[in-house]
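Okay, hi everyone, thanks for coming.

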Amino acid sequence: GLALAELIATISKPTVSLVLGGGHSIGIPLSAASDYSFISETATMTLHPIRTNGLIITAEPTFEYLRKTQDRIVDFIVSHSKAKREEIVKRMNCTDNMANDVGTVLFGREAVELGIIDEVGGLSNALKKLREMIALQNMENNIQ
């Protein structure tokens with residue numbers, strides 16, 4: 001998922017993301033990877049630490065690898081949004097927001113207030129923004 005987010009972030013054409021329903025887990029870096037992002041009013045985003053399942057070797061190098069992977073994800077979100085690292089980590093490790101897990105469920109406006117998403121809006125907003133960005137890029141290319 002992080003590889004896809006990095007791919008989106010490096011596209012030379014304008015990109016706009018729209019979160020509808022739920023943008024959970026790796027959906028957060030995916031939506032933050034675009035040049036501009038929207039979330040619908042009722043959409044949610046679940047911010048949580050990385051998870052594993054199955055057999056893992058419980059040795060310090062395994063835990064260090066998990067910490068480094070978590071840092072890569074947090075760093076990506078922070079570098080591609082207006083969110084502050086401390087707030088992301090705090091919400092990611094929150095234990096009083098979810099029923100039986102760790103993390104935070106953010107609703108549309110909360111994701112904007114936190115700085116992960118640029119604006120609350122829907123499909124028409126996203127398409128309008130994308131058209132504006134394309135027109136601006138075309139004008140800049142014609143000037144050069």
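Predicted model: local features only at pLDDT ≥ 70, side-chain atom pairs only at ≥ 80, totals over all residues.

Residues are numbered from 1 along each chain as its sequence is written, and side-chain values use heavy atoms, with hydrogens and water left out.

Now, the pairs. Side chains of opposite charge can pair when their charged atoms come close. What I call a salt bridge is a side-chain nitrogen of Lys or Arg within 4 Å of a carboxyl oxygen of Asp or Glu. How many salt bridges does this rule give? The count comes to seven.

Back to Asp-75, then. Its partner is Arg-85, and their closest N and O atoms are 2.9 Å apart. This pair links distant parts of the chain, with Arg-85 in helix 4 (residues 85-92) and Asp-75 in helix 3 (residues 60-79), ten residues apart. By helices I mean DSSP runs of H or I with at least four residues, and strands are E runs of at least two, numbered from the N terminus.

Next up is Glu-41 with Arg-109, where the closest N and O atoms are 3.2 Å apart. Here Glu-41 sits in the loop between strand 2 and strand 3 (44-47), Arg-109 belongs to helix 5 (residues 108-114), and 68 residues separate them. Glu-41 has a relative accessible area of 41%, so we call it partly exposed.

Then there's Asp-118 and Lys-82, meeting at 2.5 Å, N to O. Asp-118 is in the loop between helix 5 and strand 5 (119-120) and Lys-82 in the loop between helix 3 and helix 4, so the pair ties together parts 36 residues apart in sequence. Is Lys-82 buried or exposed? Exposed, at 55%.

One last stop: Ser-37, in strand 2 (residues 36-39). Ser-37 counts as buried because its relative accessibility is 3%. Leaving out residues up to four places away in sequence, Ser-37 touches several others, including Asp-118; a contact means heavy atoms within 4.5 Å.

Technical notes: Buried < 20%, exposed > 50% of the residue type's maximum accessible area, 1.4 Å probe, protein only.
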